[in-house]
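Thank you all for coming. Please take a moment with the sequence and the model on the screen, and then I will walk you through some charged pairs and a metal site.

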Amino acid sequence: MDHELPEYADPKQRPRYLGLATFMRADYAETPDGIEIGMIGVPYDGGVTNRPGARHGPREVRNQSSLMRTVNQATGVCPYDLARIADLGDIFAERPFALEGAHERIGRGFMDVVDAGVVPLTCGGDHSITLPILRAVGKGAPVGLVHIDAHADTGGDYSGSRFHHGAPFRVAAEEGVLDPRRCCQIGIRGTLYTPDMWEFSHTSGMRVIPIEEFEDIGWRAAINEAKRIAGDGPTYVSFDIDALDPAFAPGTGTPEAGGLTMREALRMIRELHDLNLVGADMVEVSPPFDPSGVTALNGATIMFELLCVLAQAVALRRG
Ligand code: MN
Ligand code: MN
């Protein structure tokens, strides 16, 4: 269709309430061919230990992400100028009632994406989906991790399973796809079942920055520490929306009081632009607990910031 206003030839320049709700209003691509960064939904919440609903996250984050424009005002970055970006749709578990089989299926989807040379930016889903993603991005060499979350997610067996959303980083480290000495976890807080619930983080050599230390040293020192620990090697970024204070993210399965502000989260993510990033995710938005949509909007905004630093990393590697 012809446009009376020539700028509307670019769909991303049209009014943001128009069109199909892809992530950030990016083009949809059926296959990963020729794509450098693929935004992918994983509508799966079979690993939650408390309130469910994150399976509805990708659809509502796509909806709220239509509010994202194309230019990052703070950094000047337009990710679409730096890399070929598309919404690759959803990777879903065809047999969702068996947790390990679901992860296996999700993992095969991400293997295809990674084998095609695509850097995945994923929207969960509960945090258990990060395990199959790490199996894909870490299959050649274990990756480092910048992990922002209220929970360390290095727990053990719970209700008879070790694959729930409170344990993906322990399983990934034990499987050798994650290098615990190159992991930093920021924002950890809340009550525990036992004092040693996150013992694996400490015994395996991960750096844990609880919210109290974060408050004392500030966002800049915290993220600089995470960057120092991740180093030059391939690094993954995982952002659990419950890292934010429930004031900013009420719509999540396991909220914990006393968390990060959005401003702190945005400033930290922007600092990651010069790491060797191989993928990122934003997980645990649960729309049934998010009547105002603010959690999905903040999740979409986190995803846009992650998209910007991933695009910068892709451009840096391209040289
Ligand atoms: Mn969490
Ligand atoms: Mn988590």
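Let me begin with what I mean by a donor: donors are N, O and S atoms within 2.8 Å of the metal (3.2 Å for Na, K and Ca), and water is not among the atoms, so sites may look incomplete. The model is a predicted one, in which local features need pLDDT of at least 70, side-chain atom pairs count only at pLDDT 80 or more, and totals for chains, interfaces and linings use all residues. Residues are numbered from 1 along each chain as its sequence is written, chains are lettered from A and ligands numbered from 1 in the order in which they are written, and side-chain values use heavy atoms, with hydrogens and water left out.

The manganese ion (ligand 2) is 3.2 Å from the manganese ion (ligand 1), and D149 coordinates both. D240 and D242 are both buried, where buried means under 20% relative accessible area, exposed over 50%, and partly exposed in between (1.4 Å probe, protein chains only).

Now to the charged pairs. A salt bridge here is a side-chain nitrogen of Lys or Arg within 4 Å of a carboxyl oxygen of Asp or Glu, and by this rule the count comes to 17 salt bridges.

Which residue forms a salt bridge with R84? The partner is E36, and the closest N and O atoms are 4.0 Å apart. Because E36 lies in the segment before β1 (37-42) and R84 in the loop between α2 (79-82) and β2 (85-90), this pair ties together parts that are 48 residues apart in sequence. Helices (H or I, at least four residues) and strands (E, at least two) are DSSP runs, numbered from the N terminus. E36 is buried, at 13% relative accessible area, whereas R84 is partly exposed at 49%.

Finally, E225 and R207 form a salt bridge whose closest N and O atoms are 2.7 Å apart. E225 belongs to helix α7 (residues 211-230) and R207 to strand β6 (residues 207-210), so the pair ties together parts 18 residues apart in sequence. E225 counts as buried at 19% relative accessibility, while R207, at 23%, counts as partly exposed. These two residues also belong to a network of salt bridges that links R207, E213, E225 and R228.
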